[in-house]
Structure formats: structure tokens, C-alpha cells
Amino acid sequence: MDVEGRATNNKSSTLIFEQNQQKGAQSDHVDLPSAHTIDHGWKWGIMCLIIVGLYTAYVNWLLAAFHVIGDQRFIRYRDLMGFAYGKNMYRITWTLQFLTLLLGNMGFILMGGKALKEINSEFHDTPLRLQYYIVITGAVYFLFSFSIPTISAMRNWLGASALLTISYIIMVLIVLVKDGKSNLNKDFDISGSQVSKVFNAFGAISAVIVSNTSGLLPEIQSTLCKPPVKNMRKALYSQYTLGLLFYYGVTIMGYWAYGSMVSAYLPENLSGPRWINVLINAVVFLQSVTSQHMFVAPIHEALDTKFLDINKGMHSGENLKRLFLLRAVFFSGNTLVTAAFPFMGDFVNLLGSFSLVPLTFMFPSMVFIKVKGKTARLEKKAWHWFTIIFSSLLTIATTISAFRLIVDNIKKYHIFADA
């Protein structure tokens with residue numbers, strides 16, 4: 001859910017592109033020519049959402065087919081890439097996944113801290129600094145990950161997580177409709193040069209990609225019942241139809257309600273009443289606990305495999321001590337970094353650009369070329385080579401855009417700022 005607010009904010013920078021001066025843009029009070037055309041902005045923004053969504057659905061559908069190759073099953077993305085291209089690609093894939101998940105976890109910590117601060121601000125005019133809430137969030141994440149150490153142990157929590165997501169969507173949409181109708185002075189214009197708008201557009205594409213995929217499909221697929229390919233594709237159909245409808249609905253409604261000034265954390269804009277603001281932020285915080293645990297599970301699995309005694313049970317005395325230390329060190333480090341950098345979301349977008357674009361778009365086509373290239377038709381091979389080249393160029397463009405945004409924010413904020 002955090003990405004919904006972030007995607008809304010970044011996307012707002014792409015929805016309006018500079019157009020030739022034209023007539024017809026009028027307010028209720030004055031008749032002035034406008035250098036911006038709102039209708040075209042909406043069209044291009046929504047087209048971007050749809051194209052990225054469809055493309056992401058396709059490449060995940062393709063990747064799901066390679067969960068089993070011959071008699072071998074691949075439960076980790078890095079294992080699949082290592083099988084296809086050797087040890088170096090295994091290491092590259094794991095590094096990209098590790099960085100994405102690590103920075104993603106920091107993004108969740110920041111979002112949880114913001115949710116707690118928003119709750120407190122509903123009752124106090126001067127809430128505590130954001131860093132206090134970030135520390136509380138990190139502590140809760142630590143306790144949850146220690147109590148529920150594996151992804152399979154989360155089975156009983158998934159129903160509650162789904163209920164929280166549905167509750168969030170309903171409540172937010174109700175407030176957005178109310179605010180959108182009452183807000184008569186919405187500004188869809190954005191400032192900046194044409195160059196900055198182009199960079200912002202690539203940044204928004206990166207944010208949409210982060211919101212649509214995780215780079216963990218083989219790991220998620222490994223938890224499904226047989227047949228894994230068929231069941232994974234059923235899940236993808238559900239995610240990229242019904243799920244995307246609600247996610248995009250919140251995104252578009254947020255932009256419609258508040259215009260280009262919408263916050264990176266959408267609940268900050270909600271007008272209330274107080275009880276629903278508190279409830280929405282509480283749901284955001286609780287949902288973030290389960291969501292972050294799902295995304296960071298591969299890192300926990302790698303650390304547990306390396307440092308725990310696999311010949312003993314997970315809950316043996318010695319393993320519990322090691323597990324406690326591993327989780328404490330991990331979340332202490334992540335919480336410290338998150339508290340130091342109040343614009344951690346920019347780093348999440350950076351890793352989304354640098355790592356998620358290759359993981360999502362490039363690598364599945366690379367596997368296809370390696371596994372089926374000799375028997376595939378020419379047009380199929382051409383399509384996958386095009387995907388590889390295009391995603392490489394997209395990686396470069398979105399990464400430059402993300403770096404540019406980080407540099408700009410470094411000029412605005414200081415370490416441990418109360419953002």
C-alpha cells in the first residue's frame with residue numbers, strides 16, 4: 001500500500017506534459033490561455049499505467065513457465081538464472097534481488113513510521129519527530145519476524161492481510177470521492193523545465209514498475225500447490241485484473257482528488273473525519289507488518305540457512321538465540337539507515353530502476369532465449385531480443401532519473417531530518 005501513495009506522487013509528475021499553447025483552457029472566473037493541456041496528460045498517464053501493467057503481467061506469465069525445466073524445479077530466481085547462464089549470473093541475480101528487498105524493507109519502515117506519526121498528529125498539534133515512529137516500526141517488524149520466522153509460517157496471516165487491504169481500499173476511496181468533490185481548486189500543473197519533466201516521467205515509470213512486481217515470482221511460486229505453473233498463472237490473472245483495477249483506482253482517484261500536490265504518502269492528504277484517518281493509518285501500519293515480511297523473506301532464508309544449525313529444529317534453544325541476533329542486527333541496521341534518510345523512497349525507486357527492470361523484463365526473455373531459443377520461431381526470438389535491448393535502455397534511463405531525484409533531495413534535506 002505504501003507504493004500506492006508513492007506511485008501516485010511520482011505518477012503525478014508524468015500525467016501532465018508540456019504542450020503547445022492552445023486556447024480553451026478556462027476557469028470559472030477568468031478566460032486565460034494555458035500552456036498545459038490536462039486532457040492529454042490524463043491520457044498519457046493512464047496509457048502508461050495500462051502498458052506497464054500489461055507488459056509486467058506478460059513477463060511474469062512467461063517466467064512462471066520456467067518454474068520447472070525438464071525434471072528440475074527452481075524455487076529461487078537466482079537458481080534459475082544460474083542454471084541458464086552459470087555462477088556469475090546466479091550472483092548477479094541474487095545481488096539485484098538482495099538490494100531490491102533490502103531497500104524495499106527500508107521503504108516499508110519509513111511508511112510504517114509515517115502512518116504512526118499521522119495517527120499521533122490527529123490528537124496532537126506537535127507530534128514527535130518521525131524518527132521515533134521509525135524506531136517503533138522497526139521494533140515491531142523485528143518482533144514479528146522473530147515470532148514468524150519463515151514465509152510458510154505466514155499462512156494463517158494471509159487472510160487477515162487480504163482483509164486489511166480491502167478495508168484500506170474501501171475507506172480511502174470513500175474519502176477520496178468526498179475530497180475530490182469538495183476540492184474545487186485542484187492544480188494539475190507541474191513546474192520545471194521540459195528536461196526535468198522527461199526525467200520525472202522515467203522516474204514515474206520506475207515507480208509504477210515497483211508497484212506492479214517484486215522480482216520474487218519463483219520464490220512465491222514455490223509455495224503453491226501442484227501444478228505450480230497453472231496455479232501461478234491463475235494468481236497472476238487475478239492480480240493483474242481485479243487487483244490492478246483497485247490499485248489503479250486508488251492511484252487515479254488520489255490524483256483526481258488532490259492534483260499534482262498529492263503527497264507521496266496518500267493518507268497525509270485525507271481530510272477526515274478524524275476517526276477514519278486514524279483507522280486508515282492503523283490499517284496501513286498493520287498491513288505493512290505482513291507485507292514487509294513477505295518481501296524480505298528471501299533475505300531471512302539466506303541468512304538463516306548460513307547461520308542456523310539446519311540439523312536442529314528452528315525453535316531449538318541454540319537456533320532461537322542465533323535467530324534473535326540475526327533479526328536484531330538486520331532490523332537495527334535498516335531502521336538506522338531509514339531514520340537517517342527521510343527520502344528513502346527515492347532509493348527504493350533507484351533500486352527499482354537498477355534491479356527490478358532487469359529482473360522483471362530482461363531476465364525472463366534471457367531464459368527463453370537460452371532454454372527455447374533453438375526450437376523457437378524466428379519472430380519469437382526477435383521479440384525476446386527486442387525485449388532484452390529495450391529493457392536495457394529503460395534500465396539506463398530510469399536509473400539516471402532516480403539518481404537525479406536523489407541528488408535534488410540531498411540538497412533539500414539533512415540527515416535525520418523530521419520530514
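These notebook entries record what I looked up in a predicted model of a single chain.

**Entry 1. Overall make-up**

I began with the chain as a whole. I noted 13 helices and four strands in its secondary structure. The chain has 419 residues, and 50% of them are buried. I then looked at contacts with a sequence separation of 6 or more, and found that 79% of them join residues 24 or more positions apart.

**Entry 2. Helices α5 and α11**

I turned next to helix packing. Two packed helices are described by the angle between their axes and the distance between the axes. I took α5 (residues 130–147) and α11 (residues 317–340), whose axes come within 9 Å and cross at roughly 155 degrees. This angle makes α5 roughly antiparallel to α11, because angles over 145 degrees are classed that way. I recorded the crossing of α5 and α11 as right-handed.

I then listed the residues in contact. From α5 they are Gln 131, Ile 134, Val 135, Gly 138, Tyr 141, Phe 142, Ser 145 and Phe 146. From α11 they are Leu 320, Leu 323, Phe 324, Arg 327, Ala 328, Phe 331, Thr 335, Thr 338 and Ala 339. By class, I have eleven nonpolar, five polar and one charged residue in the contact of α5 with α11.

**Entry 3. Helices α4 and α11**

I stayed with α11 and looked up its packing with α4 (residues 87–121). The axes of α4 and α11 come within 9 Å and cross at roughly 65 degrees. The two helices are therefore roughly perpendicular to each other. I noted a right-handed crossing for α4 and α11.

On the α4 side, I found Leu 102, Asn 105, Met 106, Ile 109 and Leu 110 in the contact. They meet Phe 330, Phe 331, Asn 334, Thr 335, Val 337 and Thr 338 of α11. This contact of α4 with α11 has seven nonpolar, four polar and no charged residues.

**Entry 4. Helices α6 and α10**

I moved on to α6 (residues 158–182) and α10, which pack at an angle of about 145 degrees with their axes 9 Å apart. I recorded the crossing of α6 and α10 as left-handed.

The α6 residues in this contact are Leu 158, Ser 161, Leu 164, Thr 165, Tyr 168, Met 171, Val 172 and Val 175. Those of α10 are Ile 276, Leu 279, Ile 280, Val 283, Val 284, Leu 286, Gln 287, Thr 290 and Met 294. I classed the residues of the contact of α6 with α10 as 13 nonpolar, four polar and none charged.

**Entry 5. Salt bridges at Glu 301**

I then searched for salt bridges and found eight in the structure. Side chains of opposite charge can pair when their charged atoms come close. I examined Glu 301 and Arg 76, whose side chains form a salt bridge at 2.8 Å, N to O. Glu 301 lies in helix α10 (residues 274–307) and Arg 76 in the loop between β4 (72–73) and α3 (77–85), so the pair ties together parts 225 residues apart in sequence. I looked up the accessibility of both: Glu 301 is partly exposed at 28%, and Arg 76 is partly exposed at 23%.

Glu 301 also forms a salt bridge with Arg 78, at 3.6 Å, N to O. I noted that Arg 78 in helix α3 and Glu 301 in helix α10 are 223 residues apart and link distant parts of the chain. Arg 78 counts as buried, at 5% relative accessibility.

**Entry 6. Salt bridge of Asp 179 and Lys 178**

I looked up another pair, Asp 179 and Lys 178, whose side chains meet in a salt bridge at 3.2 Å, N to O. Asp 179 is buried, with a relative accessible area of 5%, whereas Lys 178 is partly exposed at 38%.

**Entry 7. Ser 206**

Lastly, I asked which residues Ser 206 is in contact with, leaving aside neighbours within four places in sequence. I found Asn 349, Gly 352, Ser 353 and Thr 398. Ser 206 is placed in helix α7 (residues 194–212). I recorded Ser 206 as buried, at 1% relative accessibility.

Terms used: Residues numbered from 1 in each chain as written. Predicted model: local features only at pLDDT ≥ 70, side-chain atom pairs only at ≥ 80, totals over all residues. Heavy atoms only, no water. Axes fitted to C-alpha atoms, helices over the stretch in contact; angles between N-to-C directions. Parallel < 35°, antiparallel > 145°, perpendicular 65-115°, else oblique. Left-handed = near helix turned anticlockwise from the far one by under 90°. Contact = heavy atoms within 4.5 Å. Nonpolar A, V, L, I, M, F, W, Y, C, P; charged D, E, K, R; others polar. Salt bridge = Lys/Arg side-chain N within 4 Å of Asp/Glu carboxyl O. Buried < 20%, exposed > 50% of the residue type's maximum accessible area, 1.4 Å probe, protein only.
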